[in-house]
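User: Hi! Could you walk me through this one? I'd like to start with the overall picture.

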Amino acid sequence: MRFELTHIARWVPQGARVLDLACGDGRLLRHLMDHRGVTGYGLENDPEQISQCLARDINVIEKELVRDLDEYPTNSFDMVIMTQALQVMRYPDIILEEMLRVGRECIVTFPNFGQLRARTYLAWRGRMPVTRSLPFEWYDTPNIHLCTVADFEAHCRERSYRALNQQMLAEHPLYRLGKGLLPNLFTETAVYHLTRNSRT
Amino acid sequence: MAQLPADSVGLVTPQRATIDKPLALSCGQVLDSYELVYETYGELNAARDNAVLICHALSGHHHAAGYHTGVEGEKLGWWDSCIGPGKAIDTNKFFVVVPNNIGGCHGSTGPRTVNPNTGRVWGPDFPPLRFRDWVNSQAQLADLLGIEVWAAVIGGSLGGMQAMRWSLEYPERVRHCLLIATAMNLTPQNIAFNELARRAITSDPNFADGWFLEKGVAPVKGLALARMIGHVTYISQHQMEERFGRELHEGTFERGTNSPIRFEIESYLNYKGDRFAEEFDANTYLLITRMLDVYDLAREYDHDAVKAFSHARARFLVVSFTTDWRFSPERSQQIVNALVGAGRDVSYANIDSQLGHDAFLAPIPRYVDTLRQYLGNIPVGGAA
């Protein structure tokens, strides 16, 4: 998380109005408030996390993200962010669409299921991958819609989302070397800064 | 005298403020002077920035915490679970003020007090009020106590509607606004229940068109029924099942017997109704339920809640309870959405509880913790 944070912060304009979906313990929003002077709200449904948000003195709104963000008008935020939660959404495609309706831009991060370790795990062991960025067993994983970097990019092309920025992250030194050349193979966490393509 | 717990505000004495400034009411009438009974807990600090106003609900009053006598078995203040040294509303930090609303029946000027113009008890002649009249009277009390700005205005249910009104009427005087199990107006269903309650009261022959005090009678049957109707809406179906089920209070289903059957839920409701009727005033009940029906936060802002809240300056905490069907979570979410639309700071928690609307008075751990954390972040003592 700390890793992604610095990248995300660079892309959030000073003083932006931000909506942070599945904001967790509120660390990101607090960071953006302190360092980018943003205002905004975090949405979260876990009471434990909400409590931590309150302790951080950020605006946190209890909400279960199901499919739409109906209560928020179009373009009512400068930036809508969702870190490490796309893969747990029941309707990730609709949520993404909604993020780019409510916000002028969005930032989304997700674990890359195409990473080498996940591939070899399945290929050689014949078992569902359990890695640093995918630490769950098959039976207890909240990740119901995992994708690879290549899947995500194909989806963006299909929907005409344009990447303003992107950052492929990996902690493993070998991966860090390889991710520039073969991002889909060596990225552990993908970070995308998106907007809708020119609205004609 | 019993040993009082260390986290209690202890023995408290209600105070009485006579306010000689005229209060122009929404209905056009003017109260030349009026009295407010109130309690305070904690101390106003030197910066005068640690005062918290608690707005009570329909059946509430100024006695929110601590003891009046300290005698074993005494009924505690109605929100003692949350107000006290080290409690969620920490009296080591805050100066807590709890007035009884005008129009009420616990000592403040209302239907039970004497109309100075006639020398008669006000009774049914007490002017119809709006929430802003309460707010204005409390602002005058704040002036009297030397409180320019409230660190927080807190209210549940009807008290939350009042707190919201505060944030719009005196935006510069409210730093934080805590809205618990409340709504920006009543639903037709809410109004329907209120009308049932009013009809119950006015149908009681002892109501005497509201002059029961002068006639030396009391519409206790009507008032009890009104409260019973209300009470059904304050608890959830689940809570009724859990607490009463189909248990019998008296009688038996055995064949060959003919004893009268009385379910636990009946017994409970009757008990609650009767107790309430002993201490509450029928005219106050009519007055306040009517105020509730008429209340509409955004009416004067083109019925646009976003526009209404764009006048507020406070930061907000909104809390609802999952099984509350009198003021459902959806109603709280409407408040939250309007506040977000208006760009106001707001946090919102929907507390899991089986207690229905009554949950807002219960010491539910997550609820109390939410209040504690939110209030803990409010700076006082001149700190930035």
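User: What does the secondary structure of chain B come to?
Analyst: Chain B has 11 helices and 14 strands, where helices (H or I, at least four residues) and strands (E, at least two) are DSSP runs numbered from the N terminus. Bear in mind that this is a predicted model, in which local features need pLDDT of at least 70, side-chain atom pairs count only at pLDDT 80 or more, and totals for chains, interfaces and linings use all residues. Residues are numbered from 1 along each chain as its sequence is written, and chains are lettered from A and ligands numbered from 1 in the order in which they are written.

User: Thanks! How many residues of chain B count as buried?
Analyst: The share is 48% of its 384 residues. Buried means 20 or more other C-beta atoms within 10 Å of a residue's own, exposed means 12 or fewer, and partly exposed is in between, with C-beta atoms placed from the backbone.

User: And which residues have the most contacts inside the largest nonpolar core?
Analyst: They are A:Ile81, B:Val52, B:Val96, B:Val153 and B:Cys177, in a core of 162 residues. Such a core is a set of buried Ala, Val, Leu, Ile, Met, Phe, Trp, Tyr and Cys residues joined through C-beta atoms within 7 Å.

User: What does B:Cys177 touch?
Analyst: Leaving out residues up to four places away in sequence, its partners include B:Val153, B:Trp166, B:Ala314 and B:Phe316. A contact here means C-beta atoms, placed from the backbone, within 7 Å.

User: Why is strand E13 of chain B largely enclosed?
Analyst: Because 7 of the 7 residues of E13(B), residues 315-321, are buried. B:Arg315, B:Leu317, B:Val319 and B:Phe321 point one way, while B:Phe316, B:Val318 and B:Ser320 point the other way.

User: Which strands pair with E13(B)?
Analyst: Strand E10(B), residues 176-180, pairs with E13(B) in the parallel sense over 5 bridges, and E14(B), residues 346-351, runs parallel to E13(B) with 6 bridges. Pairing needs at least two DSSP bridges between the strands. B:Val319 stands opposite B:Ile180 and also opposite B:Ala349 in E14(B).

User: Switching topic, how many residues does the contact take from chain A and chain B?
Analyst: Chain A gives 12 residues and chain B gives 15 residues. On the chain A side, helix H3 (47-55) and strand E3 (60-62) each supply at least two residues, and H3(A) gives the most, with 5 residues.

How values were computed
Two residues are in contact if their C-beta atoms, placed from the backbone, lie within 7 Å.
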